[in-house]
Amino acid sequence: MGGGEQPRLPIDGVRTLIAVGSGKGGVGKTTVSVNLALAMAALGQKVGLLDADVYGPNVPLMMGIRDTPTAIGDRIQPLEQYGVSLMSMGFLNPGDKPLIWRGPMLNSVIQQFLRGVDWGTLDSLVIDLPPGTGDVQLSLIQTAPVTGAIVVTTPSEVSLEDARKAIQMFRQVRVDVLGIVENMSYMIAPGTGEKIDVFGQGGGRRTAEAMGVPFLGELALEPQIRIGGDSGRPIALLGEDDPRAAGFYAIARQVIQQVNAGASKGPSITIED
Ligand SMILES: Nc1ncnc2c1ncn2[C@@H]1O[C@H](COP(=O)(O)OP(=O)(O)O)[C@@H](O)[C@H]1O
Ligand SMILES: [Mg+2]
């Protein structure tokens with residue numbers, strides 16, 4: 001990015017900001033955002049989740065909550081579910097009506113979500129970005145003090161190609177990439193327990209190595225992950241000991257460690273066992 005850099009003013013009370021992006025939609029960005037937020041909360045962090053996918057706000061459905069937020073003065077109060085503070089366009093525009101807003105309005109609504117919401121004191125605010133590398137993503141990460149970004153991809157080449165673009169976008173605006181999550185990496189065949197590579201194998205790790213970013217781990221294509229999302233009870237609620245949830249906790253631990261290592265400004269946060 002040439003030209004002048006915009007100031008990235010801190011958000012009062014919010015210690016770290018973790019953006020979850022992807023090159024493509026449908027790769028599991030919201031699934032990762034929601035389960036990462038819940039796993040971090042279960043590990044003792046105070047966590048908020050901002051659904052910045054204003055055209056496709058799926059956080060309310062996946063978190064199983066559809067209330068209307070209230071305001072105190074001019075501060076919007078986030079909703080709270082499973083110990084995580086939440087804000088989503090889906091709370092303000094319920095139902096199936098599509099939003100037909102354009103760039104400037106979108107940018108101002110996202111700024112409202114960042115700075116007009118009473119987030120309180122948070123160790124981390126997780127942001128579920130819209131898919132892709134367009135204007136909305138750019139303006140958000142250029143104006144928000146993003147500590148680091150996670151890029152979600154499947155192992156398929158079309159998804160990886162777009163994930164590389166997302167990594168380039170974060171680099172251009174000088175946002176640290178915490179790593180790649182490879183979602184839908186494999187399926188365990190019922191009965192035999194055999195690992196089936198649905199979308200190819202190892203692409204996420206190879207891409208991470210080639211681009212010099214950490215590889216945060218693989219998540220299986222697992223019916224219970226989809227059911228958890230569709231039913232508003234994400235799989236991470238089952239806890240770290242559940243093998244279908246464990247991958248999200250492994251990612252959460254690495255993310256907490258990385259943002260702590262990089263957070264020279266604040267006190268380090270501890271992980272509860
Ligand atoms: N690892 C997984 N196993 C099974 N289903 C998954 C997995 N990850 C995501 N899904 C499902 O795939 C669909 C798309 O995921 P979603 O998180 O909405 O993607 P995105 O936010 O990138 O568009 C959802 O129905 C979700 O439940
Ligand atoms: Mg989504």
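A residue counts as buried when under 20% of its relative area is accessible. The legends below describe close-up views of a predicted model.

**View 1. Strand E2 and its burial.**
Five of the five residues of strand E2 (residues 47-51) are buried, so the strand is largely enclosed by the rest of the structure. Val-47, Leu-49 and Asp-51 point one way from E2. Gly-48 and Leu-50 point the other way. Both sets of residues are buried.

**View 2. The two strands that pair with E2.**
Strand E7 (residues 122-128) is joined to E2 by five bridges, and the two run parallel. Along this pairing, Val-47 stands opposite Ser-124 in E7, and Leu-49 has Val-126 in E7 as its bridge partner. Strand E6 (residues 84-88) also pairs with E2 in the parallel sense, here over four bridges. Leu-50 stands opposite Met-87 in E6.

**View 3. Strand E7 and its pairing with E1.**
Seven of the seven residues of E7 are buried, so this strand is largely enclosed by the rest of the structure. E7 is joined to E1 by six bridges, and the two strands run parallel. Val-20 has Asp-128 in E7 as its bridge partner.

**View 4. The sheet as a whole.**
Strands of a sheet pair through backbone hydrogen bonds, either parallel or antiparallel. In this model, eight strands form an open sheet in the order E5-E6-E2-E7-E1-E8-E9-E12, with mixed pairing. At the edges are strand E5 (79-81) and strand E12 (215-219), each of which pairs on one side only. On average, neighbouring strands of this sheet are turned by 25° against each other, direction ignored.

**View 5. Strands E1, E8 and E9.**
Strand E1 (residues 14-21) is joined to E8 by four bridges, and the two run parallel. Gly-21 stands opposite Val-151 in E8. E8 is also joined to E9 by five bridges, again in a parallel run. The bridge partner of Val-152 in E9 is Val-181. Strand E9 (residues 177-183) is mostly covered, with seven of its seven residues buried.

**View 6. Ala-149 in strand E8.**
Ala-149 lies in strand E8 (residues 148-153). Its relative accessibility is 0%, so Ala-149 counts as buried. Leaving aside neighbours within four places in sequence, Ala-149 is in contact with Ala-19, Phe-170, Val-175, Asp-176, Val-177, Leu-178 and Gly-179. Val-126 is 23 residues from Ala-149 along the chain, and their C-alpha atoms are separated by 9.5 Å.

**View 7. Helix H1, its length and its burial.**
Helix H1 (residues 29-42) has 14 residues, which at 1.5 Å a residue should span 20 Å. The C-alpha atoms at its ends are 20 Å apart, which agrees. Twelve of the 14 residues of H1 are buried, so the helix is largely enclosed by the rest of the structure. Among the buried residues are Lys-29, Thr-30, Ser-33, Val-34, Ala-37 and Leu-38. After H1 comes Gly-44, whose phi is positive, near 100°.

**View 8. Helix H1 against helix H9.**
H1 and helix H9 (residues 243-262) pack at an angle of about 70°, and their axes are 9 Å apart. The two helices are therefore roughly perpendicular to each other. From H1, the residues that take part are Thr-31, Val-32, Asn-35, Leu-36, Ala-39, Met-40 and Ala-42. They meet Phe-248, Tyr-249, Ile-251, Ala-252, Val-255 and Ile-256 in H9. By class, this contact of H1 with H9 has eleven nonpolar, two polar and no charged residues.

**View 9. Helix H9 across the sheet.**
H9 lies across E1, E8, E9 and E12.

**View 10. Leu-92 in helix H3.**
Leu-92 lies in helix H3 (residues 89-92). At 42% relative accessibility, Leu-92 counts as partly exposed. Apart from its neighbours within four places in sequence, Leu-92 is in contact with Pro-69 and Phe-113. Thr-68 is 24 residues from Leu-92 in sequence, and the two are 6.5 Å apart in space, C-alpha to C-alpha.

How values were computed: Residues numbered from 1 in each chain as written. Chains lettered and ligands numbered in written order. Predicted model: local features only at pLDDT ≥ 70, side-chain atom pairs only at ≥ 80, totals over all residues. Heavy atoms only, no water. Expected span 1.5 Å × (residues − 1). Buried < 20%, exposed > 50% of the residue type's maximum accessible area, 1.4 Å probe, protein only. Contact = heavy atoms within 4.5 Å. Axes fitted to C-alpha atoms, helices over the stretch in contact; angles between N-to-C directions. Parallel < 35°, antiparallel > 145°, perpendicular 65-115°, else oblique. Nonpolar A, V, L, I, M, F, W, Y, C, P; charged D, E, K, R; others polar. Pairing = 2+ DSSP bridges.
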